[in-house]
Amino acid sequence: MSESLVVPTMAEMLAEGKQPEVLFWVGCAGSFDDRAKKITKAFVRILNRTNVSFAVLGTEESCTGDPAKRAGNEFLFQMQAMMNIEVLNAYEAKKIVTACPHCFNTLKNEYPELGGNYEVIHHTEFLKSLIDDGRLTVEGGQFKGKKITFHDPCYLGRANKVYEAPRDLIQKLDVELVEMKRSKSNGLCCGAGGAQMFKDAEPGNKEVNVLRTEDALEVQPDIIAAGCPFCNTMLTDGIKHAHKEGEVKVMDVAELIANAQDL
Amino acid sequence: MSYLDNILFAILLIVGFGFFAASVKKIYRNINLGVDVDRKDNPKARWTNMALIALGQSKMVRRPVAGILHIFVYVGFIIINIELLEIIIDGLFGTHRIFAPYLGVVYNVLIASFEILAILVIFAVTVFWIRRNFIRLKRFIHSDLKGFPKSDANYILYFETVLMILFLLMNAADFHLQNVPGGYSHFHKAGSFPISQWIAPIFNGTSNELVGLLYELFWWLHIAGILVFMNYLYFSKHLHILLAFPNTYFANLKPEGQFDNLASVTKEVKLMMDPNADPFAAAPVDENAVPSKFGASDVQDLNWVQLLNAYTCTECGRCTSACPANQTGKKLSPRKIMMDTRDRLTEVGKNIDANKGVFVPDNKTLLNDYITPEELWACTSCNACVEECPVNISPLSIIMDMRRFLVMEQSAAPMSLNAMMTNIENNGAPWQYSQQDRLNWKNEN
């Protein structure tokens, strides 16, 4: 990393009497998971480079409650939601960007009824808007000519019908974007959703992430692009299971953009 | 036809529709055993959904082969039913093709198209039968369909084939009699018969009287067959031909990822977080209050749309074939969730019938007796089943409501999920990291 990251918090912003253009909701994976932290940093490097005025909640952020809700614990979910909404509303947050489709879905769809009304966008949509507005220019760089396939995260794709933004970004890199046999609304889950990330799978004859990785390997990609920290983990494990870690990488779309720009 | 025929026919119609009405009433009552949910908002979007998805079959063609064949059968069913109106009027009043004089050439075009549709239906149904019994597509030989469901599917195909053959035979006999030199009885020339004119030669050499009798026989069998088929719907997965319409109308309009927030929980959480609430205050007494139950363990805890979903499911298994858990050998099958819900609902309905309108507890529940926790915990909530369903059924919403019961009423989550939830409760993340460390990544390399 050539330069250190500038990551203001909402508290610091407020102290200076400023309101950021967008609040970056980092999420639990983005904050704590070693692999996902790299995605967080790649996204911040792009935000820093493009001088986007943003802030994070930092230590005031807490789990959105998504895994609790999908596990069936509505109490815990609503407690988390209401605490987060109090914090977000206190800072008068208007626009939220997040790199986690689970946080994205919960904040966007399940918070409004509980008093949290924000414009919530996924980081791929945000990056796309930066390009569309001319604030970010992207060239292929090191990825030129590479074969990339995109795995649709369920909570971005089917759940919220965002299919094109991540693909548009990948195509900006002068790469060959190949589709798996099941993609977009037909996409197969990575196996992490619905709180499965935090438990062992029920008895069966295969792991879901292995099956999904087979879909991806079928199109012989150099890189499997993901837009979700959990999908990233599942597919990375799937690649290891197939002993392909030397040939195929799993990368978040934000990492592709950041690395292409040598950020 | 003599008057006796007309009277017999009227009785047949009354009995057929009478039984059918009783079945419809029962279904309506059973669906209303579910808790209320508001699905009357945004009628415009709802009508559009119904027009596109049920009437327009838009989701069927996600799988093109089955989709197009299904459209043949579906269009055949709807269009040929227009002709049924004429058949009934002719039967009641002893007329022959009563619409013909009013419609002229249009009538010929209509009859011709019914015939072509009938042959397309026979073709499609034959392919369906081969797919089910010989090609043995995975979703059709799945363990969900053991026993009656498998036979049910074949019965429907046989029924449809027989009805279409009778329809064509009836037209063939009619065509034969219409072309008797000098005319025969009241069989005046009407209609155009592109298919049945090729069947008609089988009547050559048969006396006009016998052909006339055969015509009546085909007519009776056809109409009686339709009435029997209509009454079979109640016992069959084939009910979807009617319920697909209300089902798509009342289906969820919100994003698939949005799960409902339990209002009863909201009330409690708000009270908990209200600094002005008196923690020692006695709860207001409401004599009529039913103790609220979180989540669902039986059909009465589900909402009426979920129960309508269960009756609508035609067991095609697209959901199950798209389910990541099922594809990897787990026990979960979204189709089975719907079939179990329907079977349990039927059982509860019978219980109510047998006990003078009151449900007498039978020591059974949808949870455990039909659907096991192992199935419920295998779900990744990926919405593939919801996306796949050609009539917008949501097996996922039932799975989620049952998980809620397991967790909030029985504390019966898998150990590892309990650990995850404890972490969220204590430190605001599903893993054991302190909330104070949430921004540490900023300074790490």
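## Exercises on a two-chain predicted model

In β6(A), Leu177(A) is the bridge partner of Ile148(A). Helices (H or I, at least four residues) and strands (E, at least two) are DSSP runs, numbered from the N terminus. This is a predicted model, where local features need pLDDT of at least 70 and side-chain atom pairs count only at pLDDT 80 or more, while totals for chains, interfaces and linings use all residues. Residues are numbered from 1 along each chain as its sequence is written, and chains are lettered from A and ligands numbered from 1 in the order in which they are written.

**Exercise 1. Work out the sheet that holds β6(A), and find its edge strands.**

Step 1. Two strands count as paired if DSSP finds at least two bridges between them. In general, strands of a sheet pair through backbone hydrogen bonds, either parallel or antiparallel.

Step 2. Now go to β7 (residues 223-226) and β8 (residues 249-252) of chain A, a parallel pair joined by four bridges. Here Ile224(A) sits opposite Val250(A) of β8(A).

Step 3. For angles, axes are lines fitted to C-alpha atoms, for helices over the stretch in contact, and the values run from 0 to 180 degrees between N-to-C directions.

Step 4. Helix α10 (residues 229-241) of chain A forms a right-handed β-α-β unit with β7(A) and β8(A). Right-handed means that, with the strands pointing away from the viewer, the path from the first strand over the helix to the second runs clockwise.

**Exercise 2. Do likewise for the sheet with the order β2-β1-β3-β4 (chain A).**

Step 1. This one is an open sheet of four strands with parallel pairing. Its edge strands, β2 (54-55) and β4 (119-122) of chain A, each pair on one side only.

Step 2. Look at β1 (residues 22-25) and β3 (residues 95-98) of chain A: they run parallel and share three bridges. Leu23(A) has Ile96(A) as its bridge partner, and Phe24(A) stands opposite Val97(A).

Step 3. Carry on to β3(A) and β4(A), parallel and joined by four bridges. Lys95(A) faces Glu119(A) in β4(A). To get from β3(A) to β4(A), the chain passes through α6(A) in a right-handed β-α-β crossover.

Step 4. Finish with helix α7 (residues 123-132) of chain A, which lies across β3 and β4 of chain A at about 90° to β4(A).

**Exercise 3. Describe how chain A meets chain B.**

Step 1. Count the residues: 57 from chain A and 56 from chain B take part in the contact.

Step 2. Find the main contributor. On chain A's side, α5(A) gives the largest share, seven residues.

Step 3. Sort that side by class: 24 nonpolar, 19 polar and 14 charged residues. Nonpolar covers Ala, Val, Leu, Ile, Met, Phe, Trp, Tyr, Cys and Pro; charged covers Asp, Glu, Lys and Arg; the others, Gly among them, are polar.

**Exercise 4. Is Asn247(B) buried or exposed, and what does it contact?**

Step 1. Locate the domains of chain B: domain 1 (3-31 + 63-250) and domain 2 (263-280 + 290-432). These bounds come from an automatic or database domain assignment. Their contact uses 22 residues from domain 1 of chain B and 23 residues from domain 2 of chain B. On the domain 1 side, α8(B) gives the most, with seven residues.

Step 2. Asn247(B) is in that helix, α8 of chain B.

Step 3. Asn247(B) counts as buried because it has 24 C-beta neighbours inside 10 Å. The cut-offs, with C-beta atoms placed from the backbone, are 20 or more others within 10 Å for buried, 12 or fewer for exposed, and partly exposed in between.

Step 4. Leaving aside neighbours within four places in sequence, Asn247(B) contacts Leu308(B), Asn309(B), Thr312(B), Val391(B), Asn392(B) and Ile393(B).

Definitions and conventions
Contact = placed C-beta atoms within 7 Å.
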